[in-house]
Number of protein chains: 2
Amino acid sequence: VSLDQARALDAADPLAFARERFRFPDDKTYLDGNSLGMMPASAPERVARTVEREWGEGLIESWNEAGWIDWPERIAARLAPIVGARADELLVCDSTSINIAKLLGSALAARPERRVVLVDESDFPTDRYIAAAIAEQAGGELRAVSAEAISDALTDEVAVLLLSQVDYRSGRRRDLSATTADAQRVGAIMLWDLSHSAGAIRVDLATSGAEMAVGCGYKYLNGGPGAPAWLYVRRDLQQALGNPLPGWMGHARPFEMGPDYVPAPGIRRFLTGTPPIVALAALEAGLETFEGLGMAAVEAKAAALADFFIEAVEVLAPEATLASPLGAADRGAHLVFAHRHAYAIVQALIARGVIGDYREPNLMRFGFAPLTTRFEDAWRAAAALGEVIAGRVYEGARFAERRRVT
Amino acid sequence: VSLDQARALDAADPLAFARERFRFPDDKTYLDGNSLGMMPASAPERVARTVEREWGEGLIESWNEAGWIDWPERIAARLAPIVGARADELLVCDSTSINIAKLLGSALAARPERRVVLVDESDFPTDRYIAAAIAEQAGGELRAVSAEAISDALTDEVAVLLLSQVDYRSGRRRDLSATTADAQRVGAIMLWDLSHSAGAIRVDLATSGAEMAVGCGYKYLNGGPGAPAWLYVRRDLQQALGNPLPGWMGHARPFEMGPDYVPAPGIRRFLTGTPPIVALAALEAGLETFEGLGMAAVEAKAAALADFFIEAVEVLAPEATLASPLGAADRGAHLVFAHRHAYAIVQALIARGVIGDYREPNLMRFGFAPLTTRFEDAWRAAAALGEVIAGRVYEGARFAERRRVT
């Protein structure tokens, strides 16, 4: 592996043009699009239009004139080809945490005779914390087991199985359809967290048959820091399911302001409060960066980048140990490498403009957001990693406060 | 009353300078700042800085470098003088609906021997819908009674009393301290919705002794469409209260990503998901419009505007019947007038650039956002109202779809 080889791969990359849809600092090797996607080049103007024209000039009338009231559905429709769902099965709203709470509560209400929420004990913390709280509030119980034990823990006590498809640390990928079938075989509802999948790999929600999913807007979807999240409820189930956080925006006729809550038909019933319009404008710019891209090609690009990085690290930084699955089909679009000085190494890399992140207890995480990452970036990061480790540069690395949003 | 008199009042208005903090269309008479506050002149640049510099250039490092991680508390601190609270009692997060859900759930958990949530049956719909759902999920019961019956309904079965201080329709104001004392006398927790109070009238949360409050960011606080909402929990109670939607951002050490949820000390435990950074930037610009303004002066301005409008309507549009309290001390900063053709009249006014809104069943609502409304606006609106009613202009008014966010 060499810089020349990386550049040749970039030159031959059929997705290389997608990077031109973004604006980014030239002095950084950014391998953290799995935490915060780069800024779409259209985002500043898109947000400015909403702020200056729609809010500043249109004022309250923009709820109608600019169609703000429909944005949670309209913008979600742009996600449909990215996650393999139908537009009327998707909604953009709230945070991932809140959406997990909504759908878990909804699932528990739909399985009144079952009270167990099953999760992977190593899943992303917010999923587990929220699941524990919602299960308890429903008079139920959280069962958190190891990734390997999920299958055996699927019994007819389980109301809902909540899982991230791609693990936020290891990057290990679950088979969407097979796992969904496992859950459904025992009558449990499948709720996927696709935060580390959507926009990174090919996701076929409709094909999988999963009942529910949620995901984050600010990672591979490039929606901006703290972007609104999304949720999915399979079309045939929507009418039977309730929203346990029923706000006025999910009402069938929100502006009648009647005495009782009447859920809107379809997916809109999962709305709660007033849509976050300015943030939605940024998210729309993010989703537009996928326009015309096939998700199979997107996944292939991520796999090729990660494979190249694994090879480069083997040669340039052999002390770093791959702690993600070796086969691309078993991974999302990020990799972790273990090293006992992982934290300090990541700090030293950041000081050199190579941006990855650290995950407890000893993991260096590098993301290969397929729309924005070049093979050259992968090579530069591997080379920097090798230099930092070989030169023990990390020994002088500043021990900065550990406050990064994943 | 005359246009000259209105202009003289504007010339003598000690708060007139505050209007210069906003940018707005010159061709509108905007009396809907109670629904969506005008755009602060600083908002476009403030939002652009967050999008282009902090996100576009700083990328993931902005969580530290731009301090994003602290924005929910830092920006909430700007609200402290507006609502008479201490900075460490406030947090900006989620929507008003979600924050009501959080604090109601928290209150019910803190009063395990009581299961009744008491509300005003005419309160804003989202408050009642959410309260009904949360009460039911906690094995309890919603009691919705008329405004007049609240006092009698306060029994030792009531866990929490949820009330809007200022009614979204009538504008009727409740005494914060007296009502709080009534609730506390029977051992109930007082949860205020200050959506129609904060930024409109003087609010002294600390003095009132109320346990909890929530409010909206996009009305009088000028935070932009669907702006993040806020919540208040009295300082001495924070350590004892839990967040029923415990996401990773409310964890004591969110980046350790440990197995169990450990609530952050203080108000931060009421965070759930990742903070909506772009929306928070706009909200900060909104809160900055209050810089240096005394809330007593803000309230006095709103009262003077509304009093002037009442007088002008009496003279210019006598067919419209005031349906808000006559005394300024009994009101927030908006007024409603009844007319059997209210909906069509509001449409005809909007067609003339006079922006108020309609509320079921027969109410025309006009807001006097004290930082942005001029006496001239009040006069123009009253004159237009008189012309529309006298000339039966409303008979030709387009019956547009009723979709406006309050």
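## A guided tour of a predicted two-chain model

Begin by selecting Leu322(A), which stands opposite Phe337(A) in strand β12(A). This is a predicted model, in which local features need pLDDT of at least 70, side-chain atom pairs count only at pLDDT 80 or more, and totals for chains, interfaces and linings use all residues. Residues are numbered from 1 along each chain as its sequence is written, chains are lettered from A and ligands numbered from 1 in the order in which they are written, and side-chain values use heavy atoms, with hydrogens and water left out.

**Stop 1: strand β12 of chain A**

Strands (E, at least two residues) and helices (H or I, at least four) are DSSP runs, numbered from the N terminus. Two strands pair if DSSP finds at least two bridges between them. Display β11(A) beside β12(A): the two pair in the antiparallel sense over 2 bridges.

Which residues of β12(A) are buried on each side? Buried means under 20% relative accessible area, exposed over 50%, and partly exposed in between (1.4 Å probe, protein chains only). His334(A), Val336(A) and Ala338(A) are buried on one side, and Leu335(A) and Phe337(A) on the other. In a regular strand the side chains alternate between the two faces of the sheet.

**Stop 2: helix α12 of chain A**

Select residues 295–316 of chain A. The 22 residues of helix α12(A) should span 32 Å at 1.5 Å a residue, and its end C-alpha atoms are 31 Å apart, which agrees. The expected span is 1.5 Å times one less than the number of residues. Among the buried residues of α12(A) are Met295(A), Phe308(A), Phe309(A) and Val313(A). The buried residues pack against several elements of chain A, including α1 (3–12), β12 (334–338) and α14 (375–390), where contact means heavy atoms within 4.5 Å.

**Stop 3**

Most residues other than glycine have a negative phi, and most peptide bonds are trans. Met257(A), in the loop between β10 (230–233) and α11 (277–288) of chain A, has a positive phi of about 50 degrees. Met257(A) is buried, with a relative accessible area of 7%. Arg392(A), in the segment after α14(A), also has a positive phi, near 50 degrees, but is partly exposed, with a relative accessible area of 44%. Then select Pro361(A), in the loop between β14 (357–359) and β15 of chain A; the peptide bond from Glu360(A) to Pro361(A) is cis, with omega near 0 degrees.

**Stop 4: the interface**

Show both chains. The contact takes 83 residues from chain A and 83 residues from chain B. About 6900 Å² is buried between them, of which carbon and sulfur atoms give 66%; buried area is the accessible area (1.4 Å probe) that two parts lose on being put together, summed over both. How many salt bridges cross the interface of chain A and chain B? The rule, a side-chain nitrogen of Lys or Arg within 4 Å of a carboxyl oxygen of Asp or Glu, finds 4. Lys28(B) forms a salt bridge with Glu61(A), the closest N and O atoms being 3.1 Å apart.

**Stop 5: the sheet of chain B**

Finish with the open sheet of 4 strands in chain B, ordered β11-β12-β15-β14 with antiparallel pairing. Its edge strands, β11 (321–322) and β14 (357–359) of chain B, each pair on one side only.
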